[in-house]
Amino acid sequence: MKENKTFYITTPIYYPSAAPHIGHCYTTVACDSIARFKRIQGYDVMFLTGTDEHGMKIEQKAKEAGVTPKEYVDPIVANFKRLWETMNISYDRYIRTTDDYHVKSVQKIFKTLYDKGHIYKGEYTGKYCTPCESFWTESQLDENGCCPDCHRPVTDAHEEAYFLKVSDFADKIEEFLTKTDYLSPKSRVNEMINNFIKPGLEDLCVSRTSFTWGVPVEFDPKHVVYVWVDALSNYISALGYENDKYDDFAKYWPADMHMTAKEIVRFHSIIWPIMLMMLDLPLPKHLYGHGWINFNGQKMSKSIGNVIDPFVLAERYGSDSVRYQILRDMPYGSDSNFSNEIMIGRINTDLANGFGNLLSRTVAMVDKYFGGTLPENREEGDFDSDLKEMAQGLAHSVEKLMDEAKLSLALTEIMNVVSRANKYIDETTPWILAKDPAKSARLATVLYNLLDTLRICSALLAPFMPAIMPKALEQIGAKESDTEYDKLSVFGVLPADVTVKKGDALFPRIDVNAEIDYLNSIIGTKQEENSDSKQEKPAAKVEDEDLDKAGLISIDQFAQVKLRTAQVLACEKVAKSNKLLKFQLDDGRGGRQIVSGIAKWYKPEDLIGKKIIFVANLTPAKLCGELSEGMILSCDCGDSVKILTVDPEVPNGSAVK
């Protein structure tokens, strides 16, 4: 046990501009699992999360809703907290950037940076992305002149502003990123250096005068502090830095691990360490920038629908199953895909057929063959040592992977031992041993080995699945003292005469087809219950003969439609329709599915391999139960319809202008 050791872990503070979806959950669930693991190791853990509530976007949305910004964010923050309760998040402290003590800290931090000569007044002229609250130069915009992070239009900004002299620290931050293991995975280091530092690190605009919803600059109140300086400061203000709310900065700082999604790694890996260097404060030890949870190749968005609403998923499958799936399927450093089929498949394979099957079979056999209590007589045999060796070494492997934020691999290691234990049952055939009274000691040994393996696996799964694993440990007769961390590397901790307690199946197998039908049947209902915002109404349909009445559009309006190229990888008829074809496209961004009503004019096999043009930013919709993520462009040719195709040499995903 690592007594008297501290561990400080943080999520980013979430921007309360939408109802939370399953994509919000990964960072918080991952941090919660690491925090719980550190607690069982004996660490004094501080786990921080919260909400980032300032900025132009919030001010605009509040104005549209006819309320104050604080009135606008309060119910959204309450919904986030309800989600964290639903997902069993064990945070130790929750910070809101509207908290008085945080505002006080930010003002003092800004003043200190100014007094030390790191902030100066000037004028900002450039591009600004309101949704991301990010400043960009022309060279940093994407190929469409949009924000490189969210790919939405940016606006021209020109106003008096204060600037942070980050350019003075370009060499220091490059050395920090390249010569330490602060940022991982290493691919993120290369992105930051090649995309932001090598081209020339520009001073950062750190105040705004074009809106008022923010922390006022104390010595120049017409300015408000840029939201990212405000937000990043939460990691130290929450510990009492420059305020009298808390007094544990010296205890927990520097942070052991910041965790965030890849799109905001720039702020956490460049701006935040530079701010700390300017303040002469210790730098955090580690930052992990994870990937996105994608839905059919697209970054997850609330517009997809309620099938990815975490409240619905937790209610239907239990929060532990949701937690397990999103952690298990996120590869280290890469994006993961989500669908209802993927979630149900993971529950069935790993949890129902794997762990759940091992638990129920083992407890049932102890109950059937020994009345629930094992005898103390033992007889070792074949296959025992291999299982014991794997089980005893598991905690060490999991600990190393958790320290590196490789949660998916940690779960893989645990499930490998579960699979080995299930195989051990087949190898030792306890049902055959039970037929011979002379082999009672051997049978008891086999079942004991299974129970003690379950003890180790259940205890190591508990940080990931905190609601269910205590029930598993109860069924195998394990006491709390049996799961102390040091005992997870020891085999044979359970009493020789352990008594099991047969219970309900913890992970019942799910009928995939019936479950998908059910989820499709409730589209829209739960989303409305849990969302803070109303869905936009679809635009009225414009018939061909009304086109002349529709009026002309501007180039800016046309630019809102994102057209891209793609190649048809697969095409088939939709079962419930004689008009629809379902396309699987290589769009250069992970793939997508589109449903089109052209079955009358094309055979599916004739379309495979063609390069087409599609609308990439159309709101996804369900057509005859099939998800359609865009629209393929076609034109009327007399009584026929023809798809618009492009030169085969055009790369997939190219923007059409």
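Guide: Helices (H or I, at least four residues) and strands (E, at least two) are DSSP runs, numbered from the N terminus. With that rule, P254 falls in the loop between α9 (249–252) and β11 (257–261). This is a predicted model, where local features need pLDDT of at least 70, side-chain atom pairs count only at pLDDT 80 or more, and totals for chains, interfaces and linings use all residues. Residues are numbered from 1 along each chain as its sequence is written, and side-chain values use heavy atoms, with hydrogens and water left out.

Visitor: What makes up the secondary structure of the chain?

Guide: There are 23 helices and 25 strands.

Visitor: How do you know whether the radius of gyration of the chain agrees with a compact globule?

Guide: The radius is taken over C-alpha atoms, and the globule rule is 2.2 Å times the number of residues to the power 0.38. For 657 residues the rule gives a value near 26 Å; the chain has 28 Å, so the two agree. The C-alpha trace spans about 90 × 75 × 45 Å along its principal axes.

Visitor: Why is K127 called buried?

Guide: Buried means under 20% relative accessible area, exposed over 50%, and partly exposed in between (1.4 Å probe, protein chains only). K127 has 16% relative accessibility, so K127 counts as buried. Its place is in strand β4 (residues 119–129). Across the chain, buried residues make up 54% of the 657.

Visitor: What makes the link between the side chains of K127 and D156 a polar contact?

Guide: A polar contact is a pair of N or O atoms within 3.5 Å. Within protein, one atom must be able to donate a hydrogen and the other to accept it; residues adjacent in sequence count only if both atoms are side-chain atoms. The two side chains make such a contact at 2.4 Å.

Visitor: Which residues does K127 touch, not counting residues up to four places away in sequence?

Guide: Contact means heavy atoms within 4.5 Å. Setting those sequence neighbours aside, K127 touches S134, F135, W136, E138, L141, V154, T155 and D156.

Visitor: How much of the contact in the chain comes from residues 24 or more positions apart?

Guide: Such pairs account for 76% of the contacts with a separation of 6 or more.

Visitor: Which label does T428 get, buried or exposed?

Guide: T428 has 7% relative accessibility, so T428 counts as buried. This residue is in helix α15. A polar atom of its side chain lies 2.7 Å from the backbone oxygen of Y424. Beyond neighbours within four places in sequence, T428 is in contact with D382, F383, L433, R442 and V446.

Visitor: And F383, why is that one called partly exposed?

Guide: F383 has 36% relative accessibility, so F383 counts as partly exposed. It sits in the loop between α13 (340–370) and α14 (384–403).

Visitor: What is omega for the peptide bond that joins W253 and P254?

Guide: Omega is about 10°, and the bond is cis. The bond from S184 to P185 is cis too, with omega near -5°. P185 is in the loop between β7 (183–184) and α6 (186–197).
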